[in-house]
Amino acid sequence: MSDQLTPKPTACLALADGTLFYGHGFGATGQTTAELCFNTAMTGYQEIMTDPSYAGQVVTFTFPHIGNTGVTPEDDETSDPVAEGMIVKWDPTDASNWRSTEELTVWLERRGRIGMGGVDTRRLTRAIRQQGAPHVALAHDPDGNFDIEALVAAARGFSGLEGLDLAKEVTCAQSYHWNEMRWAWPEGYTEQKNAKHKVVAIDYGAKRNILRCLASAGCDVTVLPASATAEDVLALKPDGVFLSNGPGDPAATGAYAVPMIKGVLATDIPVFGICLGHQMLALALGAKTIKMNHGHHGANHPVKDYETGKVEITSMNHGFAVDTQTLPEGVTETHVSLFDGSNCGLRVQDKPVFSVQHHPEASPGPQDSYYLFERFAAAMDARA
């Protein structure tokens with residue numbers, strides 16, 4: 001009788017320290033290893049799963065209602081899910097939204113991503129906060145057969161994200177043009193046909209909505225792969241250069257990205273960076289980056305702009321941060337996290353070069369940080 005009342009678990013999450021979590025599997029079957037993080041956003045699970053910055057990570061969602069808005073191709077931040085898997089408190093609910101074209105569980109199965117529900121996500125989140133982002137193995141077997149020793153060994157064998165260049169795994173294979181603007185009612189997505197500025201965007205794992213925001217700010221955007229050189233960038237004669245978000249260790253990606261950025265900085269071309277782009281700009285300027293305990297992942301992060309005194313509610317997704325103590329002379333810290341005081345922005349004195357750690361395109365405020373795209377456009381206006 002008890003076996004009937006308590007169904008056999010069909011998913012298992014094994015932490016490298018041997019801690020086990022059981023639950024109900026959904027989406028794809030199989031096994032994956034990754035770093036485990038948690039995200040506190042109340043919306044946007046599809047955008048999170050397709051955000052290239054989540055490469056190499058399984059995401060624990062602290063908000064329990066996942067799946068309720070279904071999925072739609074319009075909300076993909078890249079062509080396929082990048083996060084390795086998802087952990088939720090309750091099994092995904094049926095979609096109930098006029099924009100939905102598919103159920104989350106079906107979408108995950110079709111896209112080869114594992115999900116697990118029925119988990120005490122509060123306990124799991126506390127574990128992440130206390131011990132740092134752990135290495136894990138996540139398995140889904142409809143028959144509920146798990147080799148626990150093998151799963152723990154797989155978690156312990158995961159190399160981690162430090163020293164790992166993941167930008168090369170998620171960047172575009174070749175350059176392309178982008179002119180789609182932000183979604184707006186009732187038209188949806190429209191094209192930018194009156195662009196004022198020619199911008200080269202370096203794709204370290206760029207989210208589509210960042211490119212849309214650039215287009216909406218009047219930019220004609222050419223996207224180049226992460227391996228682009230300064231010569232490749234400058235040959236296009238851009239009015240501005242954008243450094244995108246992305247996954248992995250900025251120091252590892254910086255091995256080839258920093259020389260390119262330094263080459264661009266030697267000119268007077270405006271430069272704007274977000275997330276990984278912010279971190280690599282800092283490296284190019286002579287600062288250092290550090291691995292955070294559990295990072296910042298969510299859509300409710302307060303950030304103070306030192307230059308205006310305003311506080312912005314921002315979206316964040318990063319496990320590394322710029323070490324403020326290493327910022328060189330001539331580089332000013334412009335933004336700071338009000339959660340832990342970590343660096344969230346910088347600018348170069350007397351040059352149109354700036355960057356932020358948070359995501360101004362994600363609209364959690366909802367548009368507290370959109371001014372950054374306008375600032376970039378204004379910098380290009382001033383140079384014209």
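Predicted model: local features only at pLDDT ≥ 70, side-chain atom pairs only at ≥ 80, totals over all residues.
## Salt bridges

Residues are numbered from 1 along each chain as its sequence is written, and side-chain values use heavy atoms, with hydrogens and water left out.

By the salt-bridge rule, the count comes to eleven. In one of them, the side chains of Glu74 and Arg99 meet at 3.0 Å, N to O. Glu74 sits in the loop between β4 and β5 (85–87) and Arg99 in the loop between β5 and α3 (104–111), so this pair ties together parts 25 residues apart in sequence. Helices (H or I, at least four residues) and strands (E, at least two) are DSSP runs, numbered from the N terminus. Glu74 is partly exposed, at 34% relative accessibility; buried means under 20% relative accessible area, exposed over 50%, and partly exposed in between (1.4 Å probe, protein chains only).

Arg111 pairs up with Asp76, their closest N and O atoms being 3.5 Å apart. Arg347 is partly exposed at 30% relative accessible area, and Glu307 is partly exposed at 38%.

## Around Thr50

Thr50 lies in the loop between α2 (45–49) and β4 (57–61). With 0% relative accessibility, Thr50 counts as buried. Its side chain reaches back to the backbone oxygen of Gln46 at 2.9 Å. Leaving aside neighbours within four places in sequence, Thr50 has contacts (heavy atoms within 4.5 Å) that include Asp75, Asp76, Glu77 and Trp107.

## The nonpolar cores

A nonpolar core is a set of buried Ala, Val, Leu, Ile, Met, Phe, Trp, Tyr and Cys residues joined through side-chain atoms within 4.5 Å. The largest one has 32 residues, and Ile202, Tyr204, Val233, Val241, Leu243, Met260 and Ile261 touch the most other members. Elements giving two or more residues to this core are β9, α8 (230–235), β11 (240–243), α9 (250–265), α10 (276–285) and β16 (343–348). A second, separate core of 25 residues includes Val199, Cys213, Cys275 and Phe354.

## Helix α10

Nine of the ten residues of α10 are buried, so this helix is largely enclosed by the rest of the structure. Among the buried ones are Leu276, His278, Gln279 and Met280. After α10 comes Gly286, with a positive phi near 110 degrees.

## A tryptophan patch

On the surface, Trp98, Trp183 and Trp185 form a nonpolar patch with about 470 Å² of accessible area together. Patches are made of residues with over 30% relative accessible area and no salt bridge, like charges being joined within 9 Å and nonpolar side chains (Val, Leu, Ile, Met, Phe, Trp, Tyr) within 5 Å. Areas come from the Shrake-Rupley method with a 1.4 Å probe, and for residues only the protein chains shown count as cover. Trp183 is in the loop between β8 (176–178) and β9 (197–203), and Trp183 is partly exposed at 34%.

Conventions: Salt bridge = Lys/Arg side-chain N within 4 Å of Asp/Glu carboxyl O. Polar contact = N/O pair within 3.5 Å; in protein donor to acceptor, adjacent residues only side chain to side chain.
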